[in-house]
Amino acid sequence: MGRPHRPALSRDGIMRAALDLVDEEGAAALSTPRLAARLGVKGPSLYNHVSGRDEILDGIRELILGEMDLDMTVRPWTAAVDGWARAYRAALAAHPHAIPLLVGRPARGLSALRGYAAAFDLLRAAGWPEEHLMPLVRSVEYFLTGSALALVDAPTEPPPPEEELPPGLEPFLNPPPDYRDIAFDAGLAALIRGFEATLDTLRPAPGR
């Protein structure tokens, strides 16, 4: 009698299965036993291909970043920053259950590092001084982190009785259906305008 067939494992297959698990069952479902069961293997088999949970989370980030429709050749630089932010948000919006797993984790994968390098090259060409590159990119990332968390449907508690509410809460109680998109557009536009104003102050005055 032949040996029972064991599914072939690969690092990429494990990462894709992990992302599918999170997409379908939520962030809390991500565990070695659940992932191994999904792949039809025993838990220890995974460690022949990945070092542990941290590497799996890095792999999930890499897969999501790989879905970004990103073109860093767009000019001017403000349009490139706008496009980068929108592409990143769209990729996260396709996997909202993964967002809590990724927020606050440093980006260490090659895809993320290549993205940083491309962004720094773009900003250098636009005239940004070297010491401003990381703060500018981080500013965009901080904004994106907040907007991404807003894509996650959190449990809500019923408001207090109407007679206990302060007046003027109508925008909070009944926001427009697309208020998250409106907030993202307004915040991103304000951020980029602020960057433009900052760059203007850093450029040497004419004739100097």
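Hi everyone. Let me start inside the protein: helix α7 gives the most to the lining of the largest cavity, with three residues. Please keep in mind that this is a predicted model.

So which residues line that cavity? They are Met72, Val81, Trp84, Ala119, Leu122, Leu123, Leu136 and Val137. Besides α7, the elements that give two or more residues to this lining include α5 and α8. The volume of the largest cavity is about 40 Å³, and the count of cavities of 30 Å³ or more comes to one.

Now let's turn to the largest pocket. Its volume is about 590 Å³, and 28 residues line the pocket. If you want to find its centre on the screen, look for Arg61, Tyr88, Ala107, Tyr116 and Glu141, the lining residues that lie nearest to it. Two or more lining residues come from each of α4 (53-66), α5 (77-93), α6 (99-102), α7 (110-125) and α8 (130-149). Which helix gives the most here? For the pocket, that is α8, with seven residues. The pocket lining divides into 19 nonpolar, four polar and five charged residues.

Finally, a word on confidence. The protein has an average pLDDT of 88, and 93% of its residues score at least 70. Among the elements, the highest mean pLDDT, 96, belongs to helix α10, residues 179-202. The lowest, 85, belongs to helix α3, residues 43-46.

How values were computed:
Residues are numbered from 1 along each chain as its sequence is written. This is a predicted model: local features need pLDDT of at least 70, side-chain atom pairs count only at pLDDT 80 or more; totals for chains, interfaces and linings use all residues. Side-chain values use heavy atoms; hydrogens and water are left out. pLDDT is the predictor's confidence in each residue, from 0 to 100. Helices (H or I, at least four residues) and strands (E, at least two) are DSSP runs, numbered from the N terminus. On a 1 Å grid over the protein atoms alone, a cavity is a set of points where a 1.4 Å probe fits but cannot get out, and a pocket is an open set with protein on both sides within 12 Å along at least five of seven lines; lining residues have an atom within 4 Å of a point. Grid points are joined across faces, edges and corners, and a volume is the space filled by probe spheres set on the points. Ala, Val, Leu, Ile, Met, Phe, Trp, Tyr, Cys and Pro count as nonpolar, Asp, Glu, Lys and Arg as charged, and the others, Gly among them, as polar.
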